[in-house]
Amino acid sequence: LYCLIHFIKRNMSKIQINNVVVLNNPSLFTSPLQFEITFDCTENLEDDLEWKLTYVGSAESQSHDQILDTIYVGPVPEGRHMFVFQADAPDPSKIPDKDLIGATVVLITCSYHNQEFIRVGYFVNNDYESEELRENPPEKPDVAQVHRNIMADQPRVTRFKINWGDQTKGEEDMSQQEGADMEAGEGSSVQDTDSMLEPLPSTFKDVHSMDESSNVEMEMAF
């Protein structure tokens, strides 16, 4: 029984995102993006977590994706933590004109040892606030008049199994075999598909607030 529990603990994610609050929303397209992220760490992590914010510039090609910012948080002690992830708005010159207005996606991802283990995606709608501009949009989008609305109540969460650094050689080989089986169309996926449409919890009473002006501030919440 001990061996089974130990194996299960090793295969559980050591980081659980509890809540993401979209700040400064809705706003002008040119305004910074801000996300207040709350997460639990079940064990002390000696190395950094890599958080990345990506804006999807076009559904037709990943070449238009923009990594708005990457931050490293660590070492991370066991407990509950909160920080504000802020990044400048995407560069409109790198987005096709036809994709500036309308729907797109922004992604928050987190990785450990270069292994992505969670992805939180939000739909984004960009449009003119003026009814006149909506009905008669200029041929060249007027970015200064475009407003951004992130669908904050509709997050899409995807989780991935990774090696947190405490797997034995046999367990690591088993994980690699699972990945090979997945590519061959067999076995179980490393993706937690049940969580794809799972909204994050909306409120947490036992988390301290933090200064929203900081790019990466973090504290333990007791």
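Me: What makes Gly121 the bridge partner of Leu107 in strand 8?

Reply: The model is predicted, local features need pLDDT of at least 70, side-chain atom pairs count only at pLDDT 80 or more, and totals for chains, interfaces and linings use all residues. Residues are numbered from 1 along each chain as its sequence is written, and side-chain values use heavy atoms, without hydrogens and water. Leu107 has Gly121 as its bridge partner in strand 8. Strands here are DSSP runs of E, at least two residues long, numbered from the N terminus.

Me: How do you know that strand 7 and strand 8 pair?

Reply: Two strands pair if DSSP finds at least two bridges between them. Strand 7 (102-112) and strand 8 (115-128) have 11 bridges and run antiparallel. Therefore they count as paired. The two form a hairpin with 2 residues between them. In its turn, His113 has a positive phi of about 55 degrees.

Me: Which bridges join strand 8 to strand 9 and strand 10?

Reply: Strand 9 pairs with strand 8 over 5 bridges, in the antiparallel sense. Tyr128 has Val146 as its partner in strand 9. Strand 10 (residues 156-159) pairs with strand 8 over 4 bridges, also antiparallel. There, Arg119 stands opposite Thr158.

Me: Why is strand 6 called largely enclosed by the rest of the structure?

Reply: Buried means under 20% relative accessible area, exposed over 50%, partly exposed in between (1.4 Å probe, protein chains only). In strand 6 (residues 79-87), 8 of the 9 residues are buried, so the strand is largely enclosed. Strand 6 also runs antiparallel to strand 3 (residues 33-41), joined by 9 bridges. Phe35 has Phe85 as its bridge partner in strand 6.
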